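Me: I would like to go through the salt bridges of a protein model. Could we begin with the terms?

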Amino acid sequence: MSRTVYVNGDFLPEENAKISVFDRGFLFADGVYEVTTVIGGKLLDFDGHMARLKRSLGELDMNQPAEIDTLLEIHKRLIEENSLVNGLIYLQVTRGAADRDFAFPPEDTPMSVVLFTQTSDPTKSKLSETGARVIVVPDNRWARRDIKTVQLLYPSLAKMAAKKAGADDAWMEEDGYITEGSSNNAWIVTEDGTLVTRDLSHSILHGITRKAVLKCAELLQMKVEERPFTKEEAANAREAFITSASSFVTPVIEIDGNSIGEGKPGPTAGKLREIYMEEALKTAV
Ligand code: PDD
């Protein structure tokens with residue numbers, strides 16, 4: 001069945017939606033995006049995603065395309081028009097369409113704003129039950145990974161390398177330390193039960209789920225260290241897991257062929273997944 005999507009002010013059947021071939025998102029990956037999960041028709045961590053959108057736009061000298069309230073209305077209408085119960089809303093903002101030029105077009109060039117829905121059910125993901133196997137690949141992305149841009153070719157190549165190796169995902173490594181997963185933040189649990197995840201910098205995306213899970217860890221009075229860790233530390237950890245809007249908290253049971261802990265989903269990841277879902281639903285809009 002055809003979805004209703006949003007393009008530059010209009011709600012349209014997906015087959016009628018059009019974006020210019022001169023759009024800078026298409027030609028230069030000159031755009032940013034957000035993915036917000038929908039559970040039971042409600043948006044999880046909406047404020048967090050919109051705050052990061054604002055930050056990504058600001059870092060690239062782009063204006064906010066609309067007030068947050070307007071963006072919320074658009075999200076809500078898409079949920080309604082598509083009868084979306086569980087899934088996600090993808091939002092993309094680009095610098096708009098202009099003659100191909102490395103220099104930015106004039107500031108008054110209208111930005112392109114696209115939103116669409118996708119159906120999925122992260123509450124019932126297979127990997128959350130089986131645990132994910134990851135391989136480690138070099139982090140060959142650009143140096144501003146804190147900006148959520150649409151230039152996702154390298155993470156896509158990393159994901160394909162994982163699939164070819166019979167794994168589920170790739171963790172990326174730079175200067176001997178894990179940065180993050182292809183589309184998620186990476187965590188380990190040390191032998192003494194401490195949660196470790198890389199500290200915020202330009203090297204990683206500042207995950208909204210990462211932030212929410214840190215709050216859950218505080219609620220559970222868990223010890224947390226925000227610092228880089230190596231692949232060896234991960235292989236010797238008691239547990240490992242990933243966080244993202246679309247995977248919540250998902251256990252990682254193997255890294256480069258080495259079992260992590262007992263080689264099966266561990267209790268810490270399980271508990272954090274449960275608490276994260278509970279807490280996220282409390283503030284869902
Ligand atoms: N990916 N790191 C990277 C590189 C990501 O692409 C993502 C999100 C995350 C987790 O961020 P958050 O918790 O805010 O979802 C970390 C989204 C889900 C995607 O591209 O589909």
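This is a predicted model: local features need pLDDT of at least 70, side-chain atom pairs count only at pLDDT 80 or more; totals for chains, interfaces and linings use all residues.

Me: Is R145 buried or exposed, then?

Reply: R145 has a relative accessible area of 6%, so R145 is buried, as the cut-off is under 20%.

Me: Which residue does R145 form a salt bridge with?

Reply: The partner of R145 is E174, and their closest N and O atoms are 2.8 Å apart. The two come from distant parts of the chain: R145 sits in the loop between β7 and α5, whereas E174 belongs to strand β8, 29 residues apart. E174 is partly exposed, with a relative accessible area of 24%.

Me: What about E180, which residue is its partner?

Reply: E180 pairs with R141, with 2.9 Å between the closest N and O atoms. This pair also links distant parts of the chain, since E180 lies in strand β9 and R141 in the loop between β7 and α5, 39 residues apart. Both count as buried: E180 has 4% relative accessibility, and R141 has 18%.

Me: Which residues are linked in a network of salt bridges?

Reply: The network links D139, R141, R145, E174 and E180.

Me: Changing topic: where do K282 and E279 lie?

Reply: Both are in helix α8, 3 residues apart, which is about one turn of the helix. K282 counts as exposed at 60% relative accessibility, while E279 is partly exposed at 26%.

Me: How many salt bridges are there?

Reply: The count comes to 21 salt bridges.

Terms used. Residues are numbered from 1 along each chain as its sequence is written. Side-chain values use heavy atoms; hydrogens and water are left out. A salt bridge is a side-chain nitrogen of Lys or Arg within 4 Å of a carboxyl oxygen of Asp or Glu. Helices (H or I, at least four residues) and strands (E, at least two) are DSSP runs, numbered from the N terminus. Buried means under 20% relative accessible area, exposed over 50%, partly exposed in between (1.4 Å probe, protein chains only).
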